[in-house]
Amino acid sequence: VILTEALLKERDKQAKWNGIPLLLQKLYENSHPNSDLSQCQGILKEISPLLSMEAMAFVTEERKSAQESTFPNTYTFDLFGGVDLLLMCIFTKRLAERNDFVLFLFTLMTNKKTFLQTATLIEDILGVKKEMIQLEDIPNLSSLVSSFDQQQLANFCRILAVTISELDTGSDDKHTLLAKNAQQKKNVGPSRAEINQAALLNIPGFIERLCKLATRKVSETTGTSSFLQELEEWYTWLDNALVLDALMRVAGEETEQSSTESSDESGFASTSPRNQLPQTMKIMHEIMYKLEVLYVLCVLLMGRQRNQVHKMIAEFRLIPGLNNLFDKLIWRKHSASALVLHGHNQNCDCSPDITLKIQFLRLLQSFSDHHENKYLLLNSQELNELSAISLKANIPEVEAVVNTDRNLVCDGKRGLLTRLLQVMKKEPAESSFRFWQARAVESFLRGATSYADQMFLLKRGLLEHILYCIVDSECKSRDVLQSYFDLLGELMKFNIDAFKRFNKYINTDEKFQIFLNQINSSLVDSNMLVRCITLSLDRFESQSDIKVAEVLSECRLLSYMSQMSMRMSFLFRLINIIHVQTLTQENVSCLNTSLVILMLARRKDKLPFYLQTLQEMEYTKKYPGFILNNFHSLLRFWQQHYLNKDKDSTCLENSSCISFSYWKETVSILLSPDRTSPCAIVSYIDEAYMDMDRDFAEE
């Protein structure tokens, strides 16, 4: 039973508990694996004096059992789980240090009676273990996993999630690209998480079983609304599939018992909530299980064996299976009252229903990103539509569309991508799903720009929906805005129809100004869109098509970006907001966008003019040398980062349609030490302001 803090305080005065239950509650909240132990010590110091006097009396009075009357504080401490909590804190920390013991525990999982307890203990131990275990060291791993039924395998995924995820240091500065590059130099060979991922893929039938778990349907013997209403009581304290398993076992026994009763008794019992419980819990079981399974599949999709995983999950029809579950389970309607876990509120992202949706969207993002299997998200009719779009535009059909195995695509009236678009357009303005939905759709468009893919989404009103969110609802969330700008950039890149639609929607100066304000409010968030507009403008200007010329003259956005002063303003700010020491995976795109602007200038022999204008802007701002010195350092880092033999440059090529060799040449020219070169940065920095010799390498 969960007691609120207010209730505990009120009852504390009457029962004279001396604040022990509240202190134990604090101890529990601070006793999680990665919490600060000094907090626990402080709480224990408060509890200790309350127990010490009774402890002395307990020893001198021949160790009588703790009675409420004689040892009230000790009794209260035990009553509220203090002994178990203390043992848990000490026990898991010590056992985590014994690697042989941890590996031994895995062998106990073959015993079905102790499986749940063993799984819970392993999970607790791995949570506090400093060094990740290697799955290869578990005796007979393949046969162990093969012995699990589907329910056990789903719970085993909770443990696997810890072993295949890279350890996060949690420190922001460790996420800088400088630090990551330095760490990569130290790390020789694959990490333990990568070795564990490979070990899982070597288990026969493992991925197939996960796909079956992820896509199996829930029994629908009763109306959903009654289940959800009933679950409100359970939600307050059930936050773990392992706990649900234990209760399922009890509930199953109760159901068996009720079937042996008289017909009158069992007839009455069948309508009671107590006997509806097993079916209710089956639904929550599936949600909990699918959460764990989708997480494991998502991590594997982002790992080194990505192509191998892709091939398997396509073959085992994961995507069509999830499509069939979309309406009834993944994006099912909520009951009128919000359902939340204990310790969370209704807007929290931690309830199983919400977490399942987010994990599902993350899986779609990982699945689609730069992979031709993304077309499995469509059904056969939608694939035919893509072919028809290419035919009408008189352009070659996308090879990946032609090669897609029609036996593995979604079935039904709509594919998974189309279903996602439908719920995306209905999502409330304040919804946290908006970010993940936009990321999932954007990943479908990533890679080499496909006119057919863009038109498929444009025909379904996606551009208007994004503009409504950015302009009309004036979205304030930075994360959501960034995801919308990135999606808008991929949707509009090189697509004259998209710019025409943009101009039709943003049809007043007031709307356009709101749009610009949103872009300018954070260039880190909007720079990918700025890059898209710049690249598109450059291509349109080189075409002699009447339709293109018409849009060029009418479109507010293209007219705005065609002004040299606007492009220079963006370039100046993009270079100014980033520095080598603060570059991250998130903001390095600003550096690449500034390079795109200068590469397009170089193509038109205007690179010297751009550099000279930057120099003039520095003097106007009374910061001579500041921007160009910073840019020089950034480009030196760019060379170290992108010319690394392990670095994949195809993303830069795909996003810009500029060959990587041209990227490299442009950077080399800009970094030339020749002060007489009109294209070298050093030519535009007075010697008095030169500051280029500092070494920015991570120590």
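Student: In which helix is Arg 158 found?
Tutor: This is a predicted model: local features need pLDDT of at least 70, side-chain atom pairs count only at pLDDT 80 or more, and totals for chains, interfaces and linings use all residues. Residues are numbered from 1 along each chain as its sequence is written, and side-chain values use heavy atoms, leaving out hydrogens and water. Helices (H or I, at least four residues) and strands (E, at least two) are DSSP runs, numbered from the N terminus. Arg 158 belongs to the run of residues 150-164, which is helix 9.

Student: Why does Arg 158 count as buried?
Tutor: Buried means under 20% relative accessible area, exposed means over 50%, and partly exposed lies in between (1.4 Å probe, protein chains only). Arg 158 counts as buried because its relative accessibility is 14%.

Student: Which residue's side chain is joined to that of Arg 158 by a polar contact of 2.9 Å?
Tutor: A polar contact is a pair of N or O atoms within 3.5 Å; within protein, one must be able to donate a hydrogen and the other to accept it, and residues adjacent in sequence count only if both atoms are side-chain atoms. At 2.9 Å, the partner of Arg 158 is Glu 123.

Student: What separation is there between the C-alpha atoms of Arg 158 and Val 293?
Tutor: Along the chain, Arg 158 and Val 293 are 135 residues apart.

Student: How many disulfides does the structure hold?
Tutor: A disulfide is a pair of cysteine sulfur atoms within 2.5 Å. Cys 211 is buried, at 1% relative accessible area, and Cys 590 is buried too, at 0%. The count of disulfides is zero.

Student: What is the phi of Arg 317?
Tutor: Arg 317 lies in the loop between helix 17 and helix 18. Arg 317 is not a glycine, yet its phi is positive. The value is near 55 degrees.

Student: Which residue meets the side chain of Arg 317 in a salt bridge?
Tutor: A salt bridge is a side-chain nitrogen of Lys or Arg within 4 Å of a carboxyl oxygen of Asp or Glu. Here the N to O distance is 3.6 Å, and the partner is Asp 411. The pair links distant parts of the chain, 94 residues apart.

Student: Is Asp 538 buried or exposed?
Tutor: Asp 538 forms a salt bridge with Arg 603, with the closest N and O atoms 3.7 Å apart. Asp 538 is in helix 29 and Arg 603 in helix 33, 65 residues apart. Arg 603 is partly exposed, at 44%. Asp 538 has a relative accessibility of 15%, so it counts as buried.

Student: How many salt bridges does a search of the whole structure find?
Tutor: Some are linked: Asp 369, Arg 439, Glu 442, Arg 446 and Asp 486 are in a network of salt bridges. Another salt bridge joins Glu 490 and Lys 493 at 3.7 Å, and both residues are buried. The search of the whole structure finds 23.

Student: Where is the place of Asn 373?
Tutor: At 17% relative accessibility, Asn 373 counts as buried. Its contacts (heavy atoms within 4.5 Å), leaving aside neighbours within four places in sequence, are His 310, Lys 311, Ala 314 and Phe 367. Its place is in the loop between helix 19 (352-368) and helix 20 (380-392).

Student: Which residues does Ser 450 touch, not counting residues up to four places away in sequence?
Tutor: Ser 450 lies in the loop between helix 23 and helix 24. Ser 450 is buried, at 10%. The residues it touches are Tyr 375 and Val 398.
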